Amino acid sequence: MNKINIAIDGPAAAGKSTIAKRVAEALRMVYVDTGAMYRAITLAHLNNQETSFKELVGQLELRLINDDGQRVLLNGEDITDRIRENDITENVSFVASQQEVREFLVQLQQLMTRDKGVVMDGRDIGTTVIPDAELKIYMIASVEERANRRLLDNAARGIVSTYDQLVADISERDHLDMTRDISPLSKAEDAIQIDTTGLTIDKVTERILALAEEKLQ
Ligand code: CDP
Ligand code: CDP
């Protein structure tokens, strides 16, 4: 098989986007961070709170650019850094639970993966977006390690946060994402679970590359 899709799902800060990006680079595949798409719609919602979700998604022009990672453009404006800020993180799970938002993004994501060659990370990729993906990974890590990782991420981005605040935020978001009515976060039956607690980025990347090479033979 010369072209495959790889689906990577799991809770917040499990390491999905970092590793998905590395895997995509190594295999010359396209990397898509679907969390950024939900974050972009959250920004549009916060800027237009009177507008219904149905109307909001109808007005959006969302572009993803692969450029040493992924840059996100909303109606022509680069919002890549803006969508990592606390107000977006606090509201994104609510926005992602809206049916109109999920239908809009899932359709877009399915178009992006139609010709294969994509590494896509999110919450419902292996279960809903590409249920026929050749390789599915379900990535987890302890909440303590995930909060510590996000603390470092935020500090590097100049975002103020504390360890306790991050444990609370991550736990609440995991709960909302796992219990929502439409395509909640769950492990696809045929996904391979990788616990990244205590594992380096290189180790996890190597493991997924080995699994992908098997599928590519
Ligand atoms: O990077 P982090 O784990 O903090 O989150 P993200 O991947 O940027 O995703 C932000 C939020 O978008 C998640 O907490 C989910 O509520 C939502 N999401 C989703 O519902 N489905 C996806 N495929 C991706 C993200
Ligand atoms: O995409 P997701 O929210 O699952 O996580 P991420 O943003 O890729 O990873 C969160 C942070 O953990 C990043 O700063 C990664 O560099 C770090 N990380 C790590 O320290 N060890 C790993 N095995 C994976 C990620």
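In strand 7, leucine 135 is the bridge partner of isoleucine 6, where strands (E, at least two residues) and helices (H or I, at least four residues) are DSSP runs numbered from the N terminus. Strand 1 (residues 6-9) and strand 7 (residues 135-140) pair in the parallel sense over four bridges, two strands being counted as paired if DSSP finds at least two bridges between them.

This is a predicted model, in which local features need pLDDT of at least 70 and side-chain atom pairs count only at pLDDT 80 or more, whereas totals for chains, interfaces and linings use all residues. Residues are numbered from 1 along each chain as its sequence is written, chains are lettered from A and ligands numbered from 1 in the order in which they are written, and side-chain values use heavy atoms, with hydrogens and water left out.

**The sheet and its surroundings**

The strands belong to an open sheet of five, with parallel pairing and the order 2-6-1-7-8. Its edges are formed by strand 2 (30-33) and strand 8 (192-195), each of which pairs on one side only. On average, neighbouring strands of this sheet are turned by 20° against each other, direction ignored. Helix 5 (residues 99-113) lies across strand 2 and strand 6 (118-122), and runs at about 155° to strand 6; axes are lines fitted to C-alpha atoms, for helices over the stretch in contact, and angles run from 0 to 180 degrees between N-to-C directions.

**Nonpolar cores**

A nonpolar core is a set of buried Ala, Val, Leu, Ile, Met, Phe, Trp, Tyr and Cys residues joined through side-chain atoms within 4.5 Å; buried means under 20% relative accessible area, exposed over 50%, and partly exposed in between (1.4 Å probe, protein chains only). The largest core has 31 residues, of which Ile41 and Val101 touch the most other members. Helix 2 gives the most to this core, with seven residues. Apart from it lies another core of 21 residues, including Ile6 and Leu209.

**Two residues compared by their contacts**

Contact means heavy atoms within 4.5 Å, and the table leaves aside neighbours within four places in sequence.

| Residue | Contacts (heavy atoms within 4.5 Å) |
|---|---|
| Valine 101 | Tyr38, Ile41, Phe53, Val57 and Val95 |
| Threonine 113 | Asn5, Val118, Met120 and Ile130 |

Threonine 113 lies in helix 5 and is buried, with a relative accessible area of 4%.

**Annotated span**

The UniProt annotation "domain: Cytidylate kinase", from an unreviewed entry, covers residues 6-213; UniProt positions are given in the numbering used here, feature names are shortened, and annotations may be inferred rather than shown by experiment. The end C-alpha atoms of residues 6-213 lie 12 Å apart, and the span is 52% helix and 17% strand.
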